[in-house]
Amino acid sequence: MASKAEAAEEIRFGAAVQVSVEVEVNGRLQAMTLPSDMRLVDFLRDRLGLTGTKFGCDTGQCGSCTILLDDVSVKSCTMLAVQADGARITTIEGVSTNGSLTALQNAFWEQHAVQCGYCTPGLILSLTDLLNRNPHPSESEIRRWIDGNICRCGVYQNVVRAVESITAQAE
Ligand code: FES
Ligand code: FES
């Protein structure tokens with residue numbers, strides 16, 4: 001197994017090597033040896049079985065693979081797993097606590113902001129980041145924020161309504 005410095009050098013020349021990675025995922029420390037070219041989305045889905053993180057476009061456009069990395073929403077198909085070394089990750093499986101939905105998840109349910117559900121985990125993680133930064137976003141801020149989350153079923157209107165329903169309660 002390569003040291004991190006050796007791995008960085010190998011990666012620079014395009015070779016995949018095995019790298020030890022420690023990452024906290026949904027509150028649990030995961031220490032593993034991973035190929036340096038494994039994407040974060042594949043690590044979460046294939047190694048950890050966290051298939052709530054969806055995989056849509058493979059080009060960084062659809063947002064279905066969005067997760068929180070140190071509380072910031074990122075598209076996990078655009079990162080290597082080794083780049084998350086030392087970070088704290090939250091996937092949709094780790095959003096709620098003790099089986100209770102978050103206010104945002106409840107609002108999605110109540111406002112029918114889900115149709116097939118494929119985009120839903122990414123939207124929830126992305127909007128969780130928005131609400132952490134700004135608990136009272138305007139409609140245009142909500143719409144701009146979810147610009148990177150594509151919903152093939154077209155539930156955008158209800159997603160905006162769901163976010164507005166909880167920001168109204170918080171006032
Ligand atoms: S699968 Fe990552 S943005 Fe589409
Ligand atoms: S609810 Fe089907 S893709 Fe968004």
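Modeller: A residue is called buried if 20 or more other C-beta atoms lie within 10 Å of its own, exposed if 12 or fewer, and partly exposed in between, with C-beta atoms placed from the backbone. This is a predicted model, where local features need pLDDT of at least 70 and side-chain atom pairs count only at pLDDT 80 or more, while totals for chains, interfaces and linings use all residues. Residues are numbered from 1 along each chain as its sequence is written, and chains are lettered from A and ligands numbered from 1 in the order in which they are written.

Colleague: Is Asn98 buried or exposed?

Modeller: Asn98 sits in the loop between β5 (88-90) and α3 (103-110); helices (H or I, at least four residues) and strands (E, at least two) are DSSP runs, numbered from the N terminus. Its phi is near 55°, a positive value in a residue other than glycine. Because 4 other C-beta atoms lie within 10 Å, Asn98 is exposed.

Colleague: What is the phi of Asp71 near?

Modeller: Asp71 belongs to the loop between β3 and β4. With 11 other C-beta atoms within 10 Å, Asp71 is exposed. Asp71 is not a glycine, yet its phi is positive, near 70°.

Colleague: Which are the edge strands of the sheet?

Modeller: The open sheet has 5 strands with mixed pairing, in the order β2-β1-β5-β3-β4; two strands pair if DSSP finds at least two bridges between them. Each edge strand pairs on one side only, and these are β2 (28-35) and β4 (72-75).

Colleague: What is the bridge partner of Leu68 in β4?

Modeller: Strand β3 (residues 66-69) and β4 run antiparallel, joined by 4 bridges. Within β4, Leu68 has as its bridge partner Ser73.

Colleague: What angle does the direction of α4 make with that of β3?

Modeller: Axes are lines fitted to C-alpha atoms, for helices over the stretch in contact, and angles run from 0 to 180 degrees between N-to-C directions. Contact means C-beta atoms, placed from the backbone, within 7 Å. Helix α4 packs on the sheet and touches β3 and β4, and its direction makes with that of β3 an angle of about 35°.

Technical notes:
Contact = placed C-beta atoms within 7 Å.
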